Structures are given as C-alpha cells and as structure tokens.
Amino acid sequence: MNVIAPDPGKTDITMSQAGRAPSAPIRIAAATTWGGRITTAVQDLAETLRLWPLIWTLSVLDIRLRYRGSLLGPFWLTLSTAIMVGAIGFLYSHLFHQNVAAYLPFLSISLVLWGFVSAITAEGCVCFSQSENMIRAMRMPLSLHATRVVLRNIFVLGHNLVVIIVVFAIFRIVPSMASFTVIPACALWLIDALAISLLLGIFGARYRDIPPIIGSVMQIAFYLTPIMWSPTMLAHRGLSAVLVEWNPFFDLVEIMRGPLLGHPLEPQAWLFSIGYTGLLVLLSGFVFIRARPRIAYWV
Amino acid sequence: MANILIDQLSISFPLYHGESRSLKKTVFAAASGRLGEDRSHRLVVQALRDISFTLNRGDRLGLIGSNGAGKTTLLRAMAGIYEPTAGTVTLNGAVTALLDPGQGMNLELTGRENIRLRGLYSGLADTQIKQLQSDVADFAGLGHFLELPVKTYSSGMIVRLGFALATAIKPQILLMDEWILAGDASFLDKARHRLETMVRGAEVLVLSSHSADIIMQWCNRVIWMDNGEVRADGPPLDILEAYLPPEQFAAAKAAAARMAA
C-alpha cells in the first residue's frame with residue numbers, strides 16, 4: 001500500500017465548516033443545583049434534536065445489521081409477523097369460537113402494537129449499557145441513545161404495518177373517518193416510547209437486574225392485557241373488568257386499536273391515556289435530570 | 001482561540017457493584033488511601049482530586065504517571081465524557097478525543113459506515129462526508145478493507161482507522177491516550193507528520209503516555225499525575241528527569257534525539 005502523506009491544503013475539514021460554532025465555549029461544571037441540572041438536561045435534549053441525521057443513520061444501520069447477509073433482509077420483520085398473525089389468528093379464532101373475519105384484523109393490530117411495546121421496553125432497558133463504548137469514547141447527548149431505540153422500532157413498526165394493511169384488505173375493512181384519532185394517539189405513543197426508554201435505560205444502566213425483571217413483567221402484562229383476547233370475549237365471566245379498568249396498557253392500546261376497528265371507544269380511555277403519559281413524562285424527566293451526569297459512570 | 005481551563009476539578013467513581021462493602025473498604029483503604037465516602041455515604045474512589053491548570057494555544061501537554069494515577073480519567077473529563085463531581089472544565093474550541101482505538105466505532109459495521117457515522121456526529125453535509133471517507137481511506141491505507149466490518153481488522157488497522165478518522169476532521173483540541181503507539185513504525189511517522197501539521201496550526205494537544213521519548217518529541221509541557229493529583233507541572237525534560245530513574249531518562253533522551261535527527 002502506498003504511503004500517501006496528507007496534503008494539509010486539501011484535506012482540511014474543520015469543525016467550523018461542520019456547522020459548529022467553535023467560538024462558543026463548552027463549560028462543564030459539576031451539577032450541584034437543580035437549576036444547573038435542568039439546564040444541562042434541556043441542552044442534552046436540544047443536542048439530540050440537532051443530531052437527528054446521525055440518529056436516523058444509526059437506526060437504519062441497526063436494522064440493516066440485524067439482517068445483513070440474509071436473503072430477505074428486513075422483510076423478515078414483515079414475514080415473521082405475517083406468519084405469527086396468520087397462525088395464531090386461525091388457531092385462536094377456533095379456540096375462542098370467534099369469527100376469523102372479525103378476529104384476524106383485531107389480532108393483527110394488537111400483535112403489531114404489542115411487538116412495539118415489548119421491543120421498546122426490552123431495548124430501552126439496555127439503551128445506555130449497550131452504547132457503552134460510544135458513551136465512553138466521545139461527548140454525546142445521552143438522550144440520543146434512547147431516541148435511537150425509539151426510531152429503530154418505529155422502522156420495525158413500519159415493516160409490520162404492511163401485515164395490518166394486507167389483513168384489512170383481505171377482509172375488506174375500511175377504517176371510517178372517525179379513525180383519524182389515531183394521529184394524536186401516535187403522538188402520545190411517541191412521547192411514551194421516548195419517556196419509557198429513557199427511564200428504563202437509566203435504571204438498566206444503574207441496576208443490572210432491571211432488564212430481566214422488565215422482561216418478566218412485560219411477559220405477564222402481555223397475557224393480562226387484552227391483546228390476544230378482546231374484553232368482550234370474557235365479559236360473561238366477569239374477569240375482564242379487573243384486567244381492563246386499571247391497566248395502562250389497555251387504554252393506550254385501545255386508543256390506537258378501537259378507532260381503526262370501528263369499535264366505540266370508552267370516553268375514559270383517552271383521559272386515562274393522557275394521565276398515564278403525563279405521569280410517565282414527569283417521572284422520566286425527574287429521573288433523567290437527576291441521573292444524567294452519572295450515566296457515563298454507570299455504563 | 002483554543003484553550004482549556006480546568007478549575008478545581010474532582011472526580012470520584014461510585015463503587016456499586018461490590019457485595020461486601022465493609023471488606024472492600026478495608027482492603028482498598030489499606031491499599032491506596034484514596035477511598036472515601038460521599039455525602040450520602042456511598043463508597044467512592046477519588047480518581048481526580050482538586051486539579052487546576054490552563055492550556056493555551058500551542059500547548060502540547062504530556063501526561064505521565066503510573067497506572068491508575070488518573071491520566072485517562074483526566075482525558076475523559078477534558079473530553080466532556082465524565083461530568084465533574086466538583087469543579088469545572090471549560091473548553092474553547094472543537095475537541096476530538098482519541099481515548100481508545102475502537103473510539104465508539106461499531107465493530108459490526110464496515111469502515112466506510114463508521115466514517116459516515118463520525119461525519120454525521122460532527123454535523124458534516126453529504127459532500128463533506130464523501131471527502132472525509134476518501135481522506136480517511138487515503139491516510140489509513142486500508143484499501144478494500146474499508147468495505148469490510150471493522151471486526152475483521154487487525155488491531156493495527158483499527159488504530160490507523162481511528163487515528164485517521166479523528167484527525168481528518170481538524171480538531172482545535174486533540175486529546176490522545178497512549179494506544180496510538182500500537183501502530184507500526186511507518187505509520188507512527190505518518191501520524192507524527194500529521195500531528196505536527198495540526199500542532200503547527202497552534203492547536204492544543206494533550207497526550208497521555210508511558211513512553212518518555214514520545215513525550216520529549218511531541219510535548220512542550222508535562223504534568224505528572226500521582227494518585228489523582230498533579231504532582232508536578234513544567235517543561236518535559238525537568239519533569240521527566242524527576243519522574244524517571246536516571247538510566248531510563250538518559251536512554252529516552254538519546255532515543256528522542258535519534259528520532260529528531
């Protein structure tokens with residue numbers, strides 16, 4: 001290999017060209033007051049926003065990497081969801097004595113949404129500990145790592161949406177005008193996803209027992225929440241009220257699923273969803289503001 | 001103007017993962033006397049204690065000290081990775097830190113993809129990223145390996161890629177740990193040439209190294225770290241003479257003179 005000495009005149013890419021203001025000094029002080037901590041936490045989020053092209057590329061590469069060398073690539077995501085929905089749909093529609101035409105659309109939305117929820121919680125737990133070598137190599141906003149998990153799973157969700165669309169097309173279901181409420185529901189989900197991966201990521205970095213605990217909790221939540229079954233199926237047994245009324249997952253899933261299937265939405269579903277989101281954002285914000293300076297020491 | 005101000009910087013690491021605190025406490029306390037408790041009675045290791053100094057344009061600082069003296073922690077604090085437990089670090093100018101050869105690279109991704117990520121991290125536009133890729137490819141001399149995952153590289157190749165990457169985007173402040181010495185001799189020459197071009201542009205260099213002759217060649221100021229504190233600060237020859245045993249100092253001096261000739 002030829003030794004090519006760099007030509008200093010030609011190869012200059014300076015940081016100032018790179019859109020950073022080199023004149024602005026960075027002052028990193030020990031955060032001792034709440035005011036200081038809040039300021040640095042907000043700066044962290046702003047920096048993450050500025051770096052969105054990086055987050056985008058990281059997320060795309062994450063998915064590409066998972067399927068590098070496979071024949072179908074990321075379409076395995078679509079295919080495996082389709083197989084799952086098809087198999088479980090036919091099996092459970094018999095077990096529950098349900099009409100396939102009604103059950104399959106319900107199941108496709110439920111499974112795809114739950115796939116997103118369980119991926120966010122599982123990957124959120126390790127969002128900092130898995131990016132350890134990045135965190136310890138350069139100064140980077142920490143909320144970037146949580147954002148990366150969310151964006152990556154939105155891409156996965158995008159692949160899985162195909163399954164829902166195909167199922168809806170097969171059974172000739174056209175969502176009514178009333179289903180436009182999924183748009184604010186998506187916004188709420190986005191906020192929740194960010195807040196939960198930030199929160200779980202911090203706890204997961206500090207306490208290494210968190211990921212398996214969250215894994216088991218989510219496994220139980222999957223069976224307790226009306227994902228595979230709808231509350232109407234078990235209404236006659238009086239079971240569903242307990243599992244539905246105080247289940248945050250149910251309200252959040254319902255504001256997405258109900259309008260798309262044309263089911264009437266309980267009025268409190270939105271109220272509870274917004275309430276849960278508010279609590280989650282407050283908790284996650286509090287923990288992030290408090291723990292952010294320590295994350296680099298924990299990973 | 002690029003400079004670094006370090007003011008009463010202290011850093012302590014929490015020790016969380018120990019099971020038997022009291023046992024650990026006794027052992028460590030006997031060993032180093034650097035163990036303490038913070039306000040909420042957590043066991044901490046004081047990695048850096050009350051460090052203050054200023055680096056100005058053109059300063060090439062060498063950090064010396066035994067293993068565990070706090071050199072790498074100080075570099076990480078200067079890079080803004082570890083936030084101080086007390087005190088402040090003020091950085092005027094764009095910083096690049098070469099702390100470990102992997103440098104946050106994803107080993108599963110190809111060299112080219114890693115370069116692209118670094119470009120995006122620095123906020124470069126697409127055309128600049130292309131330029132960055134060709135510049136790094138030229139300098140690191142990796143040829144077709146650039147299209148292969150980084151995990152297939154030899155450690156020397158990773159060093160070359162990391163160094164080329166970190167210095168292709170001209171930083172105003174460059175922080176380097178000693179791993180750069182892992183390169184082969186011809187690469188070291190190239191690296192030195194490139195660093196000298198950078199330092200001639202009156203930037204700030206901080207280099208942590210165990211190799212006295214490298215420090216003599218590259219640095220014009222040396223800080224001797226000991227037990228998380230600054231033990232001495234001054235011109236390289238004076239500090240190294242105090243730090244090294246006489247015969248090693250003479251050997252390093254001769255080696256440096258040979259390299260410079």
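The model is predicted.

**The sheet of chain B**

Start by selecting six strands of chain B in the order β6-β8-β9-β4-β10-β11, which form an open sheet with mixed pairing. Colour β6 (95–98) and β11 (229–234) of chain B separately: they stand at the edges with a single partner strand each, so one side of each has no neighbour in the sheet. Across this sheet, neighbouring strands are turned against each other by 15° on average, direction ignored.

Next, select residues 60–64 and 221–226 of chain B, which are strands β4 and β10; they run parallel and are joined by four bridges. Within this pair, Gly62(B) has Val222(B) of β10(B) as its bridge partner.

**Helices on the sheet**

Then show helix α8 of chain B, residues 236–243, lying across β4, β10 and β11 of chain B at about 30° to β10(B).

**The contact with chain A**

Now display both chains; 38 residues from chain A and 52 residues from chain B take part in the contact. On the side of chain A that touches chain B, α2(A) gives the largest share, six residues. That side consists of 27 nonpolar, six polar and five charged residues.

Finish at strand β5 (residues 86–92) of chain B, which pairs with β2(A) in the antiparallel sense over four bridges. Zoom in on Arg27(A), which stands opposite Thr90(B) in β5(B).

Technical notes. Residues numbered from 1 in each chain as written. Chains lettered and ligands numbered in written order. Predicted model: local features only at pLDDT ≥ 70, side-chain atom pairs only at ≥ 80, totals over all residues. Pairing = 2+ DSSP bridges. Helix = DSSP H or I, 4+ residues; strand = E, 2+ residues; numbered from the N terminus. Axes fitted to C-alpha atoms, helices over the stretch in contact; angles between N-to-C directions. Contact = placed C-beta atoms within 7 Å. Nonpolar A, V, L, I, M, F, W, Y, C, P; charged D, E, K, R; others polar.
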